[in-house]
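Reader: Please take me through this structure by question and answer, with the cut-offs stated as each term comes up.

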Amino acid sequence: MTEPIWTVVVPVKRLDAAKTRLRGAVDGVPHEQLALALAQDTVAAAVACPEVAAVLVVADASMTAAFEPLRARVVPEAGERGLNAAVTQGAELIRDCPVAALPADLPALRPLELAAALRAAAAEPSGRRFVADTPGTGTVLLTTPAGVALDPRFGAGSATAHEESGAEPLRGTWPTLRRDVDTPADLAAAAVLGLGRHTNALVRRVFAATAAHR
């Protein structure tokens, strides 16, 4: 087994502003609680990935208690300057190792799938690589070798933006990595793949309460 070499940066938006299209997706669950669970499952999978040496969460300092028990380091966000600024802030703290960025909405992510994608990126060490989401328009993973700026272009149409900026796409299947969650339909699709424990606990609790009232 190879030594873990990657540092992963996960930017987490202020919870009341995150995942707005998911608002009300799970009856009885506060939106902020659901957004946090998605992020916690993403971070937990990254921490458990055998290729990953460290995970940096760039977020408001108030979220420290939610992520430090997962063995991630929380870096207080330097103002609300947007997702790409948060990713860049985290990436600029990293020296002498390759860097990867994940969005905080991959609740079905399996550590071994992330490991396979990172190995694929490391096999082509000359530049930036990215993995598109299931629809093919967004980005679920952006990587760069040590010493090369990450230059994130997350946002609408980010797969095209990353490719136009010189990043090369990785073509592996990796269904749990590619399944980001922006809408209730996305959440249902992620549930079919198998949710991480934080998101699953919320969904199961709602299902249990619904069954009890039938």
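Reader: Leaving aside its neighbours within four places in sequence, which residues is Cys 97 in contact with?
Author: This is a predicted model, in which local features need pLDDT of at least 70 and side-chain atom pairs count only at pLDDT 80 or more, while totals for chains, interfaces and linings use all residues. Residues are numbered from 1 along each chain as its sequence is written, and side-chain values use heavy atoms, with hydrogens and water left out. Cys 97 sits in the loop between helix H3 (83-91) and strand E4 (99-101); helices (H or I, at least four residues) and strands (E, at least two) are DSSP runs, numbered from the N terminus. With contact taken as heavy atoms within 4.5 Å and neighbours within four places in sequence set aside, the partners of Cys 97 are Ile 5, Thr 7 and Ala 146.

Reader: Is Cys 97 buried or exposed?
Author: The terms rest on relative accessible area: buried is under 20%, exposed is over 50%, and partly exposed is in between (1.4 Å probe, protein chains only). Cys 97 has a relative accessible area of 15%, so it counts as buried.

Reader: What distance separates the C-alpha atoms of Cys 97 and Pro 145?
Author: Cys 97 and Pro 145 are 48 residues apart along the chain.

Reader: In what order do the strands lie in the open sheet?
Author: Two strands pair if DSSP finds at least two bridges between them. The edge strands, each pairing on one side only, are E3 and E7 (168-169). The open sheet has 7 strands with mixed pairing, in the order E3-E2-E1-E4-E6-E5-E7.

Reader: What is the handedness of the β-α-β crossover from E1 through H1 to E2?
Author: E1 and E2 are parallel, paired over 6 bridges, and Pro 11 has Val 58 in E2 as its bridge partner. A crossover is called right-handed if, with the strands pointing away from the viewer, the path from the first strand over the helix to the second runs clockwise. The path from E1 through H1 to E2 is right-handed.

Reader: At about what angle to E2 does H1 run?
Author: Axes are lines fitted to C-alpha atoms, for helices over the stretch in contact, and angles run from 0 to 180 degrees between N-to-C directions. H1 lies across E1 and E2, and its angle to E2 is about 160°.

Reader: Which residue in E6 is the bridge partner of Val 131?
Author: Both faces of E5 are covered, with Val 131 and Arg 129 buried on one side and Phe 130 and Ala 132 buried on the other. E5 and E6 pair in the antiparallel sense over 4 bridges. They form a hairpin with 6 residues between them. Within E6, the bridge partner of Val 131 is Leu 141.

Reader: Which backbone oxygen does the side chain of Thr 199 reach?
Author: Thr 199 lies in helix H8 (residues 197-212), and it counts as buried because its relative accessible area is 0%. A polar contact is a pair of N or O atoms within 3.5 Å; within protein, one must be able to donate a hydrogen and the other to accept it, and residues adjacent in sequence count only if both atoms are side-chain atoms. At 3.4 Å, the side chain of Thr 199 reaches the backbone oxygen of Ala 37.

Reader: What is the phi of Arg 71 near?
Author: Most residues other than glycine have a negative phi. Arg 71 is in the loop between H2 and E3, and at 65% relative accessibility it counts as exposed. Its phi is positive, near 70°.

Reader: Is Trp 174 buried or exposed?
Author: Trp 174 is placed in the loop between E7 and helix H6 (175-178), and its phi is positive, near 45°. Its relative accessibility is 12%, so Trp 174 counts as buried.
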